Amino acid sequence: MPDATTLPRPPADPKHRLNSLLDRHGPLARQILQFGVVGVCGFLVDNAFVYTAHFVFGMGLILAGLLSFFVAATANWFLNRVWTFRGASTGAVHHEWLRYLATNAVGFALNRGVYIALIATSTLCVRHPVIPLAAGSIVAMGINFVMSRRVVYR
């Protein structure tokens with residue numbers, strides 16, 4: 001007869017595994033989720049600015065996309081400051097805002113690089129700028145989270 005060490009183990013309770021994972025990584029998971037929600041808000045600001053600047057005021061899509069990034073990044077910085085990273089802010093507000101923009105420069109390059117490449121190569125993206133805006137945002141989100149967490153809101 002096999003002893004207890006050789007008997008197959010029953011599968012772990014998924015609820016227990018989830019609770020254990022949340023106990024260990026809950027604050028980080030919450031922060032990532034909040035950062036994503038803020039990112040969606042920023043995406044909506046970004047999209048509204050590009051569509052208004054291009055379709056209402058006739059601005060070129062590339063210029064509209066470059067300018068809108070700073071408007072959306074400012075909205076994201078503020079929402080992350082008061083919600084995602086609440087209590088982690090240090091120093092003067094304007095210095096933090098500049099640090100946020102500077103540390104997210106890599107994300108900016110990835111985000112708008114994808115946006116510009118899609119605008120330049122796809123008539124579908126020219127007709128529907130939401131597509132390259134979304135693609136750029138998704139590509140840059142991870143690096144922006146890491147830089148925000150480690151440099152801006154430490």
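At 45% relative accessibility, His95 counts as partly exposed, a class that lies between buried (under 20% relative accessible area) and exposed (over 50%), judged with a 1.4 Å probe and protein chains only. His95 is found in helix 3 of a predicted model, in which local features need pLDDT of at least 70, side-chain atom pairs count only at pLDDT 80 or more, and totals for chains, interfaces and linings use all residues. Residues are numbered from 1 along each chain as its sequence is written, and side-chain values use heavy atoms, with hydrogens and water left out. The protein holds 6 helices and 0 strands; helices (H or I, at least four residues) and strands (E, at least two) are DSSP runs, numbered from the N terminus.

**Overall architecture**

- From the N terminus on, the order of elements is α-α-α-α-α-α.
- Of the 154 residues in the protein, 31% are buried.

**Helix packing**

- Axes here are lines fitted to C-alpha atoms, taken for helices over the stretch in contact, and angles run from 0 to 180 degrees between N-to-C directions.
- Helix 2 and helix 4 have axes 10 Å apart and pack at an angle of about 160°. Helix 2 is therefore roughly antiparallel to helix 4. Angles over 145 degrees count as roughly antiparallel, those under 35 as roughly parallel, 65 to 115 as roughly perpendicular, and the rest as oblique.
- The crossing of helix 2 and helix 4 is right-handed. A crossing is given this name if the near helix is turned clockwise from the far one by less than a right angle, and is left-handed if the turn is anticlockwise.
- Helix 3 packs against helix 6 (residues 130-152) at an angle of about 140°, their axes lying 9 Å apart. This angle makes helix 3 oblique to helix 6, and the two helices cross in a right-handed sense.
- Between helix 2 and helix 3 the angle is about 120° and the axes are 10 Å apart. Helix 2 is thus oblique to helix 3, with a right-handed crossing.

**Salt bridges**

- Side chains of opposite charge can pair when their charged atoms come close.
- The structure contains 2 salt bridges, each defined as a side-chain nitrogen of Lys or Arg within 4 Å of a carboxyl oxygen of Asp or Glu.
- Arg112 and Asp46 form a salt bridge through their side chains, at 2.7 Å from N to O. This pair links distant parts of the chain, with Arg112 in helix 4 (residues 105-121) and Asp46 in helix 1, 66 residues apart. Arg112 and Asp46 are both buried.
- Glu96 is joined to Arg81 by a salt bridge in which the closest N and O atoms are 2.6 Å apart. Here too the pair links distant parts of the chain: Glu96 belongs to helix 3 (residues 93-103) and Arg81 to helix 2, 15 residues apart.
- Glu96 counts as buried because its relative accessible area is 0%. Arg81, at 21% relative accessibility, counts as partly exposed.

**Nonpolar surface patch**

- Leu33, Val37, Phe78, Val82 and Trp83 make a nonpolar surface patch of about 460 Å².
- Patches are made of residues with over 30% relative accessible area and no salt bridge; like charges are joined within 9 Å, and nonpolar side chains (Val, Leu, Ile, Met, Phe, Trp, Tyr) within 5 Å. Accessible areas come from the Shrake-Rupley method with a 1.4 Å probe, and for residues only the protein chains shown count as cover.
- Helix 1 (14-56) and helix 2 (61-84) each contribute at least two residues to the nonpolar patch. Helix 2 gives the most, with 3 residues.
- Leu33 is located in helix 1, and because its relative accessibility is 60%, Leu33 counts as exposed.

**Pairs separated in sequence**

- His95 and Val152 are 57 residues apart in sequence, and their C-alpha atoms are 9.7 Å apart in space.
- Leu118 lies in helix 4 and counts as partly exposed, at 26% relative accessibility. Leu118 and Ala135 are separated by 17 residues in sequence and by 8.9 Å in space, C-alpha to C-alpha.
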